[in-house]
Amino acid sequence: MYREKGVMRILALVGIVALTGLLSVACGRPDANAQMQEGDRLFAEKDYAGALFRYQTAGQADNRNGLIRQKLALTYFALNDQPRALREIVRAADLLPNDTGVQLQAARALLVNRQFEDARARAEGVIKREPTNAEAQILRGNASAGLQNLDAAILDLEKARELRPDRAATFTNIGAIRAARGEAKEAEAAYRQAIVVAPKEANGYIALATYYYSVGRPADTERVLLDGLKAEVPGATLNSALAAFYPRPGRAAAAEEP
């Protein structure tokens, strides 16, 4: 009987030691939410290196948390670390398959990295759930263009144009694809419409000017850039474009003012 009591005491002691060890491990583990919140504070202050450390610590504590992976990706983007940013945003999208924002972020990153098939698949998943999502239509269209499927690209971008007729970038994308298909009249019309819907954005003027220059219409190129300056488009982009355009035989002096 004494022997049995001795065995019971030993087992109880082992159990207490094991429990104490587990508690110490648990107490020593960083709190993922607290680390993420501190990362958010540092990110808002543009202390990206500090934010990265906090998000990494949070990810170690909870490596299946898609929100942490998304925040890691955005921090890597801010640090201009494209490979790690892409890896993390794709992981976030895998963990948050129904989060439209994350899926579109992943599609954009894949598109920039020329992974057109994967970008198209991400955008397509959003469109299946949200057929009227203009951003997803644009991304799928751009991915199709990257895959040289210009017919599919035009269909998506025209659909996006119907959904968001105020978005200039859609028209410039349509213009680029129409130009690639040799549809000069339609390309010019799309580029011009980009300026109509966003008369204060430099990109529309530059896209149309670039198109005119590419088809051998230098006078129209100059006119469009000057129109942008007359419209008081903010930023120095148009001046830079004019300065680059003017250094031609007989026009070098005109580059001085821009």
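Author: Setting aside neighbours within four places in sequence, Ala136 is in contact with Leu104, Ala123, Val126 and Ile127, where contact means heavy atoms within 4.5 Å. Before going further: this is a predicted model, in which local features need pLDDT of at least 70 and side-chain atom pairs count only at pLDDT 80 or more, while totals for chains, interfaces and linings use all residues. Residues are numbered from 1 along each chain as its sequence is written, and side-chain values use heavy atoms, with hydrogens and water left out.

Ala136 is among the residues with the most contacts inside the largest nonpolar core, together with Ile89, Val102, Leu104, Leu111, Ala119 and Leu139. That core has 20 residues; a nonpolar core here is a set of buried Ala, Val, Leu, Ile, Met, Phe, Trp, Tyr and Cys residues joined through side-chain atoms within 4.5 Å. Buried means under 20% relative accessible area, exposed over 50%, and partly exposed in between (1.4 Å probe, protein chains only). The elements giving two or more residues to this core are α5 (82–95), α6 (100–112), α7 (116–129) and α8 (134–146); helices are DSSP runs (H or I, at least four residues), numbered from the N terminus. The largest share, 7 residues, comes from α6.

Now for the pair α7 and α8. Their axes come within 8 Å and cross at roughly 155°; axes are lines fitted to C-alpha atoms, for helices over the stretch in contact, with angles from 0 to 180 degrees between N-to-C directions. The two helices are therefore roughly antiparallel to each other, a label for angles over 145 degrees. On the α7 side, Phe116, Ala119, Arg120, Ala123, Glu124, Val126 and Ile127 meet Ala136, Gln137, Leu139, Arg140, Ala143, Ser144 and Gly146 in α8. The residues of this contact divide into 8 nonpolar, 3 polar and 3 charged (Ala, Val, Leu, Ile, Met, Phe, Trp, Tyr, Cys and Pro count as nonpolar, Asp, Glu, Lys and Arg as charged, and the others, Gly among them, as polar).

Arg140 is buried, with a relative accessible area of 16%. Not counting residues up to four places away in sequence, Arg140 touches Arg120, Ala123, Glu124, Ile127 and Asp156.

Gln70, in helix α4 (residues 66–78), is also worth a look. Gln70 is buried, with a relative accessible area of 14%. Beyond its neighbours within four places in sequence, Gln70 is in contact with Ile89, Ala92, Val102 and Gln105.

Terms used
Parallel < 35°, antiparallel > 145°, perpendicular 65-115°, else oblique.
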